[in-house]
Amino acid sequence: KDVLLKVDDLKVYYPVSGASIGKKDYVKAVDGVSFEVRKGEVFGIVGESGCGKSTLGRAICKLEQPTAGKIFLDGEEITGYNNKKMRSVRKKVQMVFQDPYASLNPRMSVFSIVAEPLKVHKLYKDQADLEKKVIDLLHRVGLDTYHANRYPHEFSGGQRQRIGIARALAVEPQLIIADEPVSALDVSIQAQVLNLLNELKKDLNLTYIFVAHDLSVVEYISDRVGVMYLGNFVEVGDKDKIYSNPMHPYTQALLSAVPIPDPEAPRERILLSGSIPSAHKPPAGCKFHTRCPKCMECCKSIPPERYEVDEGHYVYCHLYDDRNKTV
Ligand code: SF4
Ligand code: MG
C-alpha cells in the first residue's frame, strides 16, 4: 500500500529552564521516532500519559515544532515549513482533539465553527454554497440542520465531538490525527463516535492516526499499532499481532492488565514496579529497564535496536538480539 505519512527519527525536545550555563538540558518528549502510515489505514499510538504520544501527534501537524528529524506527507517533506507553507498541508492533515468543549469557541454558533475552515481556505463559491456545505457536513456526522444555529454549550460531549469532527472534515483532509477523541466520553457514547469515525473513513477514504491510552479503544479502531514508552516506540506492528502476541515486556505488561472475556485463557497479570520515569532524566540504555521484569545487564547501558520478529512486527528490546537468545 502507498505510504501517506513517513516520520523519520523525529525528536521534540523542550529546553529546561534553570539549566546550568553552557550545558543544555532538555525534556525529551519525543526521542527519535520513525514510522510510516499507509493510505487508508488506522495507525494507533498507545501508551500511558506522559509517554509523548500527544506531542508526537501535534508535531506531525506542526502544532509543535520538531527539534530534529523529518516528516514527509505524500512524499513531500514538510518538516521545515513555515506557517504560510503549512496552509496547504493543513488542508490535508486535520486534528481532532480530546476535549471537544475546549477546542470549540463557545461564542461561535455551530454553523460558524464548521464554516470557519471553509472560509479560511476559500472552499466555497457563495453564501448558498457555504450553507449547503456546512449542512452536508453536519449531516455526515449525524447532526441536523436545526443544530447549526446553536452553541457548543447546548450539546452533549458526544455531539460536541461530532462538531469537532465536522470541522476537521470541512477541508476534505486525507489524514486525521485524533488525540484521545473519545476518552472524555461515556463508554456508550465512545462506541457511537468510534463507529462514526469508521464509517467516515470508509466513505471518504480517510487515513487516521489514532492516539489514545485506552488499549481496548485502540484495538477496536486500529489496523496497526505503535506502543510508546518515554518518547519512543517499543513495539510496532499489525494490531492482531500486537494484541495476540505482544513481544515487548512493556506491551506484555500493559495488555496483561486488560480484562479479556475468555475465562478459559486467563492471562497472568504482570505488575510493573514504579511509575513512568521523567522524560527529563530518562533511564540510560533501554528506557524501560527500571521497570522491566526481564532486565538484563546490557539493558542498563545500551539502547536496544529494532528487531523484526515477524513480518512488519518490530520490537525494540535486547531479548530479540540473537546473542541474548538462550534457545
Ligand atoms: Fe526489558 Fe531489556 Fe528488553 Fe528493555 S531491552 S524491555 S530492559 S529486556
Ligand atoms: Mg495526551
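Guide: What follows treats the sheet, then the elements beside it, and lastly the ligand.

This is a predicted model, in which local features need pLDDT of at least 70 and side-chain atom pairs count only at pLDDT 80 or more, while totals for chains, interfaces and linings use all residues. Residues are numbered from 1 along each chain as its sequence is written, and chains are lettered from A and ligands numbered from 1 in the order in which they are written. The protein chain has an average pLDDT (the predictor's confidence in each residue, from 0 to 100) of 92, with 95% of the residues scoring at least 70. The ipTM is 0.97 and the pTM is 0.94.

The sheet in question is open and consists of eight strands in the order β6-β7-β8-β3-β9-β10-β12-β11, with mixed pairing. At its edges stand β6 (93-96) and β11 (306-310); each has a single partner strand, so one side of each lacks a neighbour in the sheet. From one strand to the next the twist averages 20°. Here helices (H or I, at least four residues) and strands (E, at least two) are DSSP runs numbered from the N terminus, and two strands pair if DSSP finds at least two bridges between them. Axes are lines fitted to C-alpha atoms, for helices over the stretch in contact, and angles run from 0 to 180 degrees between N-to-C directions.

Within this order, strand β3 (residues 42-46) runs parallel to strand β8 (residues 207-212), and five bridges join the two. Val46 is placed opposite Ala212 of β8. β3 also runs parallel to β9, to which four bridges join it, and Phe43 has Arg224 of β9 as its bridge partner.

Six of its six residues are buried, so β9 is largely enclosed by the rest of the structure. A residue counts as buried if 20 or more other C-beta atoms, placed from the backbone, lie within 10 Å of its own, as exposed if 12 or fewer do, and as partly exposed in between. In a regular strand, side chains alternate between the two faces of the sheet. For β9 both faces are covered, with Arg224, Gly226 and Met228 buried on one side and Val225, Val227 and Tyr229 buried on the other. β9 continues into an antiparallel pairing with strand β10 (residues 232-238), made by six bridges; in it Val227 stands opposite Glu235. The hairpin of β9 and β10 has two residues between the strands, and in this hairpin Leu230 adopts a positive phi near 45°.

Helix α1 lies across β3, β7 (175-179), β8 and β9 (224-229), and runs at about 150° to β8. Helix α6 (residues 157-169) likewise packs on the sheet, where it touches β6 and β7, its direction making about 170° with that of β6. Contact means that the C-beta atoms of two residues, placed from the backbone, lie within 7 Å. Eight of the eight residues of α1 (residues 53-60) are buried, so this helix is largely enclosed by the rest of the structure. Those buried residues are Lys53, Ser54, Thr55, Leu56, Gly57, Arg58, Ala59 and Ile60. After α1 comes Lys62, with a positive phi near 65°.

Lys122, which follows α4, has a positive phi near 50°.

A further open sheet has four strands in the order β2-β1-β4-β5, with antiparallel pairing. β2 and β5 (76-77) are its edges, each with a single partner strand, so one side of each is left without a neighbour in the sheet. Ten bridges pair strand β1 (residues 3-15) with strand β2 (residues 26-38); here Leu10 is opposite Val33 and Val12 has Val30 as its bridge partner. Five bridges pair β1 with strand β4 (residues 68-73), where Leu5 is opposite Leu73.

Finally, there are 14 residues around ligand 1, and Cys286, His289, Cys292, Cys299 and Cys317 come nearest; a residue is near if its C-beta atom, placed from the backbone, lies within 6 Å. By class, this shell has ten nonpolar, three polar and one charged residues. Ala, Val, Leu, Ile, Met, Phe, Trp, Tyr, Cys and Pro count as nonpolar, Asp, Glu, Lys and Arg as charged, and the others, Gly among them, as polar.
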